Amino acid sequence: MTVGKLYGLGVGPGDPELVTLKAARIIKETDIIFAPQSRSGRPSVALKIVQPIIDERETECEILQPLFPMTEDKEELDKSWNDAAEMLYDKLSEGLDVVFVTLGDPTVFSTFSYVSKLLQKKGVEVVLVPGITAMTACSTTAGIQLTEQDDIMVVVPQVDDRLPKILPYVDTIVAMKTSRHLDVLEDCINKDPREKEIISVQNCTMENEEIIHGFVDNKKYFSTSIIKFKK
């Protein structure tokens, strides 16, 4: 049996012009586009980014939008990943190639990694195509340098008791999805006596992008805060 190839394709932070040429080519050449949505009835953000590229195709493709719920319930997450892997394998086992479009880069906090591992166990060949990450898009949008010389940078997806332990050694912190842990993050950063610059970016490179000096005070999902400690 010939099994198709699975592409884990990063489509960047939001601006369709930031999709790489390689990613665009693969989207135009591949049989099936797999674009998870976070809530039933809500279109996939990743699909919206690449829709202009899909519209340029000479032939139609099949688009699948399974539900990947935004939850921390491990049992529910495992079920969604397994269901997605089975859906993908049904198509791959027909000899069809599939593109899994994911925001940012497929190797940085991407749900693609969980599904990819399940399919690799079945012998599926996985090809990763890098995309522009939210952190670099936010820093360029805000006009600040993430690192210089021998700076140490830490990327934080969720604040826990590890952050205060390493904080004295860190020059730059990128806090992802800050709406989930803002109070704990703000308290931890404020306890550090060093002078610091804090810039938050919401909906980076999208139409409703906002740049805030300091931490955000709302619950928007696409929120990233960059904290730079001055030497």
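Modeller: Let's start with the residues that touch: from α3, Trp81, Asn82, Ala84, Ala85, Leu88, Tyr89 and Leu92 meet Tyr114, Val115, Leu118 and Leu119 of α4, where contact means heavy atoms within 4.5 Å. Sorted by class, this contact of α3 with α4 has ten nonpolar residues, one polar and no charged ones. (Nonpolar covers Ala, Val, Leu, Ile, Met, Phe, Trp, Tyr, Cys and Pro; charged covers Asp, Glu, Lys and Arg; the others, Gly among them, are polar.)

Before going on, keep in mind that this is a predicted model, where local features need pLDDT of at least 70 and side-chain atom pairs count only at pLDDT 80 or more, while totals for chains, interfaces and linings use all residues. Residues are numbered from 1 along each chain as its sequence is written, and side-chain values use heavy atoms, with hydrogens and water left out.

Back to the pair. Helix α3 spans residues 74–92 and helix α4 residues 112–120; they pack at an angle of about 55°, with axes 9 Å apart. Helices here are DSSP runs (H or I, at least four residues), as are strands (E, at least two), numbered from the N terminus. The axes are lines fitted to C-alpha atoms, for helices over the stretch in contact, and angles between N-to-C directions run from 0 to 180 degrees. That angle is why α3 and α4 are oblique to each other (under 35 degrees is roughly parallel, over 145 roughly antiparallel, 65 to 115 roughly perpendicular, the rest oblique). The crossing of α3 past α4 is right-handed, that is, the near helix is turned clockwise from the far one by less than a right angle.

Now follow the chain out of α3. In the loop between α3 and β4 (98–102) you find leucine 96, which counts as partly exposed at 24% relative accessibility. (Buried is under 20% relative accessible area, exposed over 50%, partly exposed in between, with a 1.4 Å probe and protein chains only.) Setting aside neighbours within four places in sequence, leucine 96 is in contact with Gly4, Lys5, Asp31, Ile32 and Lys91. Arginine 180, on the other hand, is 84 residues away in sequence and 38 Å away in space, C-alpha to C-alpha.

Next come the salt bridges, twelve by count, each a side-chain nitrogen of Lys or Arg within 4 Å of a carboxyl oxygen of Asp or Glu. One joins glutamate 56 and lysine 28, with their closest N and O atoms 2.9 Å apart. Glutamate 56 sits in the loop between α2 (45–55) and β3 (62–64) and lysine 28 in helix α1 (residues 21–29), so the pair ties together parts 28 residues apart in sequence. Lysine 28 is partly exposed, at 37%. Arginine 162 and aspartate 160 form another, at 2.8 Å between the closest N and O atoms; arginine 162 is exposed at 55%, while aspartate 160 is partly exposed at 31%. Asp150, Asp151 and Lys231 make up a network of salt bridges.

Last, helix α5 (residues 134–142) has Met135, Ala137, Cys138 and Ser139 as its buried residues. Among the elements covering them are β6 (153–156), β7 (172–176), β8 and β10. After α5 comes glycine 143, with a positive phi near 75°.
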